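Okay everyone, thanks for coming. Have a look at the picture on the screen, and I'll walk you through it piece by piece.

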Amino acid sequence: MIEFRDFRTLFVHIYGFNYPAAADDLGISLRTVYRWFDANKAPKHVTKYLMIVARGYLPDREPYIQWYIDGDFINTPYGRFQAAELEFLNEYKWSARRYADIARSQRERVPEIEKRLQSMVDEASSLLNTLHKTRIG
């Protein structure tokens, strides 16, 4: 993982060595960019901004401190995921909760269903007994 605390590392990770693009993006002069790069030091708010951009706009606090975005991938301590895989996470979680609720309600109905089935079996058995008793012939 890239160490996001060093200004030069942040700068090169985001801008390569395109100093004019950095100056334009940061709203400063080209001379200031060279001065910060040579000193490996920039104002705290600039470094903080570059840390956020380098991390893919992820927060720089727990639990995201070790997460970073690399192209289409989100790298975490738990593995590497494509950003598209997370697109449907909310729908997946919703459907998981929904089907868990359905399964729970069905489990709660099992005693009621068993009772109804038992009454049907009892009724069928009573009808069979009646038929055997009233047999003609």
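So, the radius of gyration of this protein is 33 Å, whereas a compact globule of 137 residues would come out near 14 Å. Keep in mind that this is a predicted model.

What is the protein built from? There are six helices and three strands. If you read from the N terminus on, the elements go α-α-α-α-β-β-β-α-α.

Let's start with helix α1, residues 7-15, and how it packs. One partner is helix α3, residues 30-39. At what angle do α1 and α3 pack? It's about 130 degrees, and their axes are 8 Å apart. Angles over 145 degrees would count as roughly antiparallel, and 65 to 115 as roughly perpendicular. The crossing itself is left-handed.

Who actually touches whom? On the α1 side we have F7, R8, F11 and V12, and they meet V33, W36, F37, D38 and A39 of α3. Sort the residues of that contact by type and you get seven nonpolar, two charged and no polar.

Now the other partner I want to show you, helix α4, which covers residues 44-54. The axes of α1 and α4 come within 10 Å, crossing at roughly 45 degrees. These two helices are therefore oblique to each other, and α1 passes α4 in a left-handed crossing.

For this contact, α1 brings F7, L10, H13, I14 and Y15. They meet V46, T47, Y49, L50, M51, V53 and A54 in α4. How many of the residues in this contact are nonpolar, polar or charged? Ten are nonpolar, two are polar, and none is charged. And did you spot F7? That residue is in the α1 contact with α3, and it turns up in the contact with α4 as well.

Okay, on to the strands. A quick reminder: strands of a sheet pair through backbone hydrogen bonds, either parallel or antiparallel. Here the three strands make an open sheet in the order β1-β2-β3, and the pairing is antiparallel. Which strands stand at the edges? Those are β1 (68-70) and β3 (79-82). Each has a single partner strand, so one side of each is left without a neighbour in the sheet. On average, neighbouring strands are turned by 30 degrees against each other, ignoring direction.

Let's go through the pairs. β1 and β2 are joined by three bridges, and Y68 stands opposite N75 in β2. The two strands form a hairpin with two residues between them. Look at G71 in that turn: its phi is positive, about 65 degrees.

Next come β2, residues 73-76, and β3, joined by four bridges. This pair is also a hairpin, with two residues between the strands. Across it, F73 stands opposite Q82, and I74 has F81 as its bridge partner.

Conventions. Residues are numbered from 1 along each chain as its sequence is written. This is a predicted model: local features need pLDDT of at least 70, side-chain atom pairs count only at pLDDT 80 or more; totals for chains, interfaces and linings use all residues. Side-chain values use heavy atoms; hydrogens and water are left out. Axes are lines fitted to C-alpha atoms, for helices over the stretch in contact, and angles run from 0 to 180 degrees between N-to-C directions. A crossing is left-handed if the near helix is turned anticlockwise from the far one by less than a right angle, and right-handed if clockwise. Contact means heavy atoms within 4.5 Å. Ala, Val, Leu, Ile, Met, Phe, Trp, Tyr, Cys and Pro count as nonpolar, Asp, Glu, Lys and Arg as charged, and the others, Gly among them, as polar. Two strands pair if DSSP finds at least two bridges between them. The radius of gyration is taken over C-alpha atoms; the globule rule is 2.2 Å times the number of residues to the power 0.38. Angles under 35 degrees count as roughly parallel, over 145 as roughly antiparallel, 65 to 115 as roughly perpendicular and the rest as oblique.
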